Amino acid sequence: MLSRSLLRHHGDAEVGDGLVDFAVNVQGTAPPLWLRDRLADKLGELGAYPSAAADLRAREAVARRHGRRPDEVLLLAGGAEGFAMLPRLQPRSAAVVHPSFTEPELALREADIDVVQVVLPPPYVLDPALVPSSADMVVVGNPTNPTSVLHRRETVLALRRPGRIVVVDEAFADAVPGESQSLAGDALPDVLVLRSLTKTWALAGLRCGYVLGPPDLLASLAHGRAHWPVGTLQLEAITACSEPAAVDLAATQASRIAENRDAMIARLTGLGVGVHTPAHAPFLLVQVPSAADVRERLRAEGVAVRRCDTFPGLPPHHLRVAVRGAEHVDVLVDALRRVL
């Protein structure tokens, strides 16, 4: 089992000044102008505490976006905050499906909760039969980071059992055209869906997300939470990004990501680099010999990529690269050609 320090490693640690960033899965370096204007208009209100009315407006916007009720929405300071809350549900044994984002396992282990790693073999497709029947919580990503695998919603729903809570990490679901296979709109008594707004809208520095689920589970998650946990600018960003115009823009961007991903796969495979397909997320899992050495040599060439030996279940010859446009991919391909 990996150390907690490795579980805590994230792609931002790979990025440095002057490096072309393929390590972090955020789209762009700053929010779009219309969103920046919305946030700037709220700066004059920062002398007041975030209001209950603003919180309700944000929850109502999220609820309308997913066809849910406002009391089925809990706003978060980033999706990672939702994972940190999971121990409050007091599971006896939590099964975490890997390879996947490591923050849920880290949060559960640090709370001394028994964690069972369910490691999927290649091609990393979810098999509910691999999850122990004793697990009263199951955490799964969809689409999954870093494999870019999109599980069928019927397969995720097959994880449900009496007395079990299913937690679905949909941090990248809005980057999937049509949000195919999402459970965000399903009001189920035993399913929690976590969403992030930081990736699509370049809000990683503001920390914006939410969790959808039954009110009783959301109340348990929020128990003991600090007062005013989500700030005024975060509330405005969540509201703005959940409105119909923004959802339409995200859908357009998802289609562009899919086009860029297909083009990027073709260019990488043309170099002889192995790419795990089918891929559905705004990142790709690639295979290269001596991945650690390749990563360091790419860094020397001015390109940052994500190491993958920190993901349980992945052998050491993997790297993760964010999907980017042709101009940036030119830089990556040229560097790989020199390095390989």
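How are H8 and H9 oriented to each other, roughly parallel or roughly perpendicular? Before I answer, a word on what we are looking at. This is a predicted model, in which local features need pLDDT of at least 70 and side-chain atom pairs count only at pLDDT 80 or more, while totals for chains, interfaces and linings use all residues. Residues are numbered from 1 along each chain as its sequence is written, and side-chain values use heavy atoms, with hydrogens and water left out.

Now to the helices, which, like the strands, are DSSP runs numbered from the N terminus (H or I, at least four residues, for a helix; E, at least two, for a strand). The axes of H8 and H9 come within 5 Å and cross at roughly 70 degrees, where an axis is a line fitted to C-alpha atoms, for helices over the stretch in contact, and angles run from 0 to 180 degrees between N-to-C directions. H8 and H9 are therefore roughly perpendicular to each other, a label that covers 65 to 115 degrees. Where they meet, Ala-240, Cys-241 and Ser-242 of H8 are in contact with Pro-244, Ala-246 and Val-247 of H9, contact being heavy atoms within 4.5 Å.

Apart from residues up to four places away in sequence, Ile-238 touches several others, including Leu-75, Leu-197 and Val-230.

Let me turn to the sheet. Its four strands form an open sheet in the order E9-E10-E13-E12, with antiparallel pairing, and two strands pair if DSSP finds at least two bridges between them. The edge strands are E9 and E12, each of which pairs on one side only. Helix H9, residues 244–270, packs on this sheet, touching E9, E10 and E13, and its direction makes about 15 degrees with that of E10.

Finally, Gly-274 lies in strand E9, and its bridge partner in E10 is Gln-287. Gly-274 counts as partly exposed because its relative accessibility is 24%.

Key. Buried < 20%, exposed > 50% of the residue type's maximum accessible area, 1.4 Å probe, protein only. Parallel < 35°, antiparallel > 145°, perpendicular 65-115°, else oblique.
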